[in-house]
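Have the viewer open as you read.

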Amino acid sequence: MAVRYCTRCVYPSAAATPLTFDEAGVCSGCRVALQKTQIQWDERWKMFEELVSEYRSPNNYDIVIPVSGGKDSYFQTHVATRLLGLKPLLVTYHGNNYLPEGEYNLQRMREVFDCDHVIVKPSVRTLLKMNRLGFKLQGDMNWHAHSGIFTAPIQVALRYKVPLMLWGEHGFLDLAGMYSMHDFVEFTAKHRLEHSLRGYDWYDFTDQGLERLGRPELKEGLTDKDLLFAQYPSDEEIDTVGVRGIYLGNYLDWDGHKSAELVMKEYGWRPAQQPFERTYRMVSNLDDMHENGIHDYLKFVKFGYGRGSDHACKDIRAGRMTRAEGIAMVRKYDHVKPRRDLDRWLAYVSMTEAEFDQICDTFRDPRVWRIENGQWVKDNLWGEPSAYGPVHALPRNWKQ
Amino acid sequence: MLKKRLIPVLLLQNGMLVRSEEFRIHQVIGNPIHEVERFNQWNVDELIYLDISTSDDYDQRRDDHRVKPLTDPLTILDAVSRTCFMPLTWGGRIRTLDDIRERLLRGADKVALNTAAFQTPWIVTEAARQFGSQAIVVSMDVFQLPDGRQEVYIEGGRLPTGLTPEMWAAEIERLGAGEILLQHVQRDGTARGYDLDLISSVSSCTSIPVIACSGVGRYEDYATGIRAGASAVAAANIWHFKEMADRGGKRALAKAGIDVRL
């Protein structure tokens, strides 16, 4: 099935998210963005206030807020503390990849918001192993981060018996329109495992797990106890405290761009101080340099697009960019191999670039990529195909 | 008195589970088996699984997932029945007695017929004779006309039949089906609540169990369906949106004084 593109934004059909298209060729992400303009937000806010009031506690934290220290985290905490007067417990998964600006923002949260803050920092040795394994097994060195981000908050919520988690926007709802704004989608173990973690869970990364997967050559010597930070609690444990996770994006007109302006002005939040290699946006993913770097480069390797597309889609839908301007961003950024970021990661995990390139190619998606004259070739959003570098290895299930 | 059942409906379209809205908009929810595993863990009463594909194209989506996609509906049925410990109703694209037999052999406890029940009603009677009424569900899609009248539609809510829901319900029972799954095209996926008048009027025209579906937006909606006369309450989308949707739904029913298996 050939890759198609949304006629309004620049999103491709072969996406990392479960995108769909309507009869006019408009993607589900754009359709949900349009739906947002028709919501009665004052009613939603009332619903939110009522929902939260059931969780106000006389002697405990009222809510857990999962935070990375980014603009969205500041905005969630701003809403919780300043607008609602709640006593939140902030929870962070720290994957050892913070940019200095991101670290600065993170550490300041307990000062500017006067909040308690739990930061979960797994062992660096384990993280190195998880970086390598995530990359080799799933084509994503940041698998550990998705796992930590979607596990640490509920572990802490259970430990402190706080039944409400306040997430920001729902990533797949916002970017891909996976759900409707009328669904009031909540945090689920299923979404974590199936979409955030792509079906893999912590137990696949131990030596035993890799045996079971038929990938014993990847073993790093990890045991169950090394991965306590990634172990999701059982339904029974969750039900005992009654923890649920709601998304603030269902209750107010979420706009990350505006949130960034607000938190810079109100709280001295700092955007990136030097440009990213793979996107023009300076306010996203400061908590993990690889998110906008080689993690995202793998998205290009797999699916043929990247953060340039993601961010252009958001800005087109918000009316800050025309589609033509968006396409220019895609052309400029999506294919870039991020030198600065790649060098850091290769040194961090002790891997050569040749090995990196070879493993990358095992994840090429055949719907996107073809081989011509020893080069990886794909069709482009703007029409004519291009070659994007030499073939180093064939994907695991490549049919020619 | 039998306990009232709470039933998830999973919609399969071209190999993936989808969220549905007004039978027209379908967003991809994900893998066709994973959700069934969750329902097992929750000990769900029953499962209705409907294949709403209109073509045999399978977009496999990303292939870097741990669980690889399956590429035809009967293989998916095999995997679902291997996974699923609860009674399973399989529906969608069933046109002949052989289709019914094959699905029952592959592990479905019941089949749901829709278009075939209208176009070839003798199949309902014959299937009920061969496999028992308890194995034959007729799924009825009700379309809201602009003048306020309601009509039964077939072919995935696209083709009118000229029948009112009440006429068709009585006929379904006469043909020998064991249950009616009652859906409403314009309420589908809108979270506005059930069409209670429809549930009430259809339930009063037949003595076979009516399973109410379409429109659930909150757990509290379930009890209204039971009070309107349904024997069981079903929903599709909400099961994808909330954690432990079974427990949440059952507790809301119990709180409303309805006898359910907790």
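Helices here are DSSP runs of H or I with at least four residues, and they are numbered from the N terminus. By that count, L128(A) sits in helix α5 of chain A, which covers residues 124-138. Keep in mind that this is a predicted model.

**Starting from L128(A)**

Is L128(A) buried, exposed or partly exposed? It takes 20 or more C-beta neighbours within 10 Å to be buried, and 12 or fewer to be exposed. L128(A) has 16 inside 10 Å, so it counts as partly exposed. Which residues does L128(A) touch, once those up to four places away in sequence are set aside? The answer is Y348(A) and V349(A). There's also W345(A): 217 residues separate it from L128(A) in sequence, yet their C-alpha atoms are 9.8 Å apart.

**The cores**

The largest nonpolar core has 97 residues. Those touching the most other members are C9(A), V10(A), Y11(A), I63(A), V64(A), M165(A) and L166(A). Helix α13 of chain A (residues 294-303) gives this core its largest share, six residues. Zooming in on L166(A), and skipping neighbours within four places in sequence, you'll find contacts with I63(A), I65(A), Q76(A), A80(A), I246(A) and L248(A). Another core, of 80 residues, lies apart from the largest one, and L50(B), L70(B), I123(B) and M140(B) are among its members.

**Chain B as a whole**

Chain B is built from 10 helices and 12 strands. Its C-alpha trace spans about 50 × 45 × 35 Å along the principal axes. Why does chain B agree with a compact globule? For 262 residues, such a globule would have a radius of gyration near 18 Å, and chain B has 17 Å, so the two agree. Buried residues account for 52% of the 262 in chain B. Among contacts in chain B with a separation of 6 or more, 66% link residues 24 or more positions apart.

**Where the chains meet**

On the chain B side, 27 residues are in contact with 32 residues of chain A. Which elements of chain B give two or more residues to that side? They are β2 (16-21), β3 (25-30) and α1 (34-42). Here's how the side of chain B that touches chain A splits by class:

| Class | Count on the chain B side |
|---|---|
| Nonpolar | five residues |
| Polar | nine residues |

Conventions. Residues numbered from 1 in each chain as written. Chains lettered and ligands numbered in written order. Predicted model: local features only at pLDDT ≥ 70, side-chain atom pairs only at ≥ 80, totals over all residues. Rg over C-alpha atoms; globule rule 2.2 N^0.38 Å. Contact = placed C-beta atoms within 7 Å. Nonpolar A, V, L, I, M, F, W, Y, C, P; charged D, E, K, R; others polar. Core = buried A, V, L, I, M, F, W, Y, C linked by C-beta atoms within 7 Å.
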